[in-house]
Protein chains: 2
Amino acid sequence: MTDINFKSAISTNTARHEPAEGKPPEAGDESPLFYDLIELLFFAYRDFTGDPDDALARFEFGRAHHRVLHFVDRNPGIMVTDLLGILRITKQSLGRVLKQLVDAGIIEQREGHHDRRQRLLYTTERGHALAEDLTRLQQTRLERALIGLPDGSDEIVRRFLLQMIDPDSRSDILKLVRSPFSLKD
Amino acid sequence: MTDINFKSAISTNTARHEPAEGKPPEAGDESPLFYDLIELLFFAYRDFTGDPDDALARFEFGRAHHRVLHFVDRNPGIMVTDLLGILRITKQSLGRVLKQLVDAGIIEQREGHHDRRQRLLYTTERGHALAEDLTRLQQTRLERALIGLPDGSDEIVRRFLLQMIDPDSRSDILKLVRSPFSLKD
DNA sequence: AGAATTAAGTCAATATGACTGACATAAATT
DNA sequence: AATTTATGTCAGTCATATTGACTTAATTCT
């Protein structure tokens with residue numbers, strides 16, 4: 001199998017498009033800062049999600065299941081409505097995935113104490129163990145990614161990621177992730 | 001519209017699952033480092049891809065089109081095979097998306113000079129302009145994300161992202177992204 | 001020159017994860 | 001009593017991806 005093989009990805013022909021324009025093609029005028037960051041993010045995120053994807057494939061589950069499992073495990077007793085808000089998907093999309101997780105004994109629904117309309121979500125013992133396995137995979141990758149970087153790099157990455165998020169959502173997300181570190185300047 | 005609304009995401013009930021285990025539920029024993037990084041990455045990447053997603057929705061294009069457009073624009077004259085290797089999708093998946101981009105006058109295919117089997121890919125003038133627009137959106141977000149961080153933070157983020165990638169792919173990806181900065185220690 | 005390999009494209013069938021819009025039920029709130 | 005909220009469900013659709021088989025043309029290998 002040829003694995004990744006984009007050995008000749010960079011062509012010798014540098015003509016980008018019809019040379020009908022009067023611009024020099026590669027004159028670093030106003031354009032391409034952070035091209036590399038854009039692409040590194042793409043590849044990094046792909047591999048980051050790849051670990052749990054592969055692990056879940058054995059259970060016939062996909063990334064959607066992972067996301068639901070993760071946030072339920074992290075927020076035991078979360079309401080369906082709030083989970084929908086976090087994931088920003090529709091009730092229908094969640095419904096199918098959630099049903100499969102419940103049927104598989106990964107997630108449990110309990111009636112709300114004060115409000116009996118609610119179906120509060122919890123991971124079962126099995127579900128919690130699975131969630132931990134998946135988290136461990138991603139933690140291992142994160143640890144590896146921080147090796148060799150100066151002290152405090154994890155804090156810089158945290159702040160970078162937070163500021164990548166739409167400003168409007170940041171405070172909600174901060175509450176949700178409840179980082180053990182500062183982040184609050 | 002209730003926008004994001006996960007105000008009550010964190011339940012007061014902290015029982016994670018059946019308390020049938022002898023473990024204290026929240027005793028930070030061996031487990032949850034980088035929980036926040038895992039979640040920040042999820043939200044950051046979603047918003048990062050959201051900008052181009054929204055922009056492309058007007059053209060009836062999706063994220064798959066963006067990826068193809070991006071890598072063709074960055075690697076003019078790339079072979080179909082190499083593009084498949086970069087995106088790690090199948091010929092069939094690429095085929096449909098590529099056809100739509102060609103039909104829309106965004107991407108152009110030219111016969112290889114030395115090897116006439118090849119259909120080398122180029123962005124058209126329009127395609128290049130569109131790619132630049134989308135890139136600009138993401139660059140703006142990246143710039144904003146680095147504001148207020150110490151000097152050299154961009155370099156730390158670059159190294160972090162590179163080390164998030166599977167070690168086997170790193171050298172190929174480094175060639176591809178051809179970062180203007182160091183990254184090579 | 002003939003065989004094997006490579007580059008690209010195509011066909012059919014399928015799966016996953018998402019969507020919209022409408023509707024239903026029960027419970028809580030006003 | 002009327003309204004709103006929380007959840008679930010139905011039917012239909014779409015975008016992106018998959019597998020496996022097969023074709024055509026061109027290049028390379030022996």
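In this predicted model, helix H1 of chain B passes helix H5 of chain B in a right-handed crossing, a crossing being right-handed if the near helix is turned clockwise from the far one by less than a right angle, and left-handed if anticlockwise. The contact is made by B:Phe48, B:Asp51, B:Pro52 and B:Ala55 of H1(B) and by B:Asp133, B:Leu134, B:Leu137, B:Gln138 and B:Arg141 of H5(B), where two residues are in contact if their C-beta atoms, placed from the backbone, lie within 7 Å. Helices (H or I, at least four residues) and strands (E, at least two) are DSSP runs, numbered from the N terminus.

Residues are numbered from 1 along each chain as its sequence is written, while chains are lettered from A and ligands numbered from 1 in the order in which they are written. Because the model is predicted, local features need pLDDT of at least 70 and side-chain atom pairs count only at pLDDT 80 or more, whereas totals for chains, interfaces and linings use all residues.

The table sets out two helix pairs, with axes as lines fitted to C-alpha atoms over the stretch in contact and angles running from 0 to 180 degrees between N-to-C directions.

| Helix pair | Axes | Angle |
|---|---|---|
| H1(B) (residues 35–57) and H5(B) (residues 125–146) | within 9 Å | roughly 150 degrees |
| H1(A) (residues 35–57) and H7(B) (residues 167–177) | 10 Å apart | about 150 degrees |

H1(B) and H5(B) are therefore roughly antiparallel to each other, a term for angles over 145 degrees, with those under 35 counting as roughly parallel, 65 to 115 as roughly perpendicular and the rest as oblique.

Between the chains, H1(A) passes H7(B) in a right-handed crossing, and A:Asp36, A:Glu39, A:Leu40 and A:Phe43 of H1(A) meet B:Ser169, B:Ile173, B:Leu176 and B:Val177 of H7(B).

Over residues 34–166, chain A is 68% helix and 8% strand.
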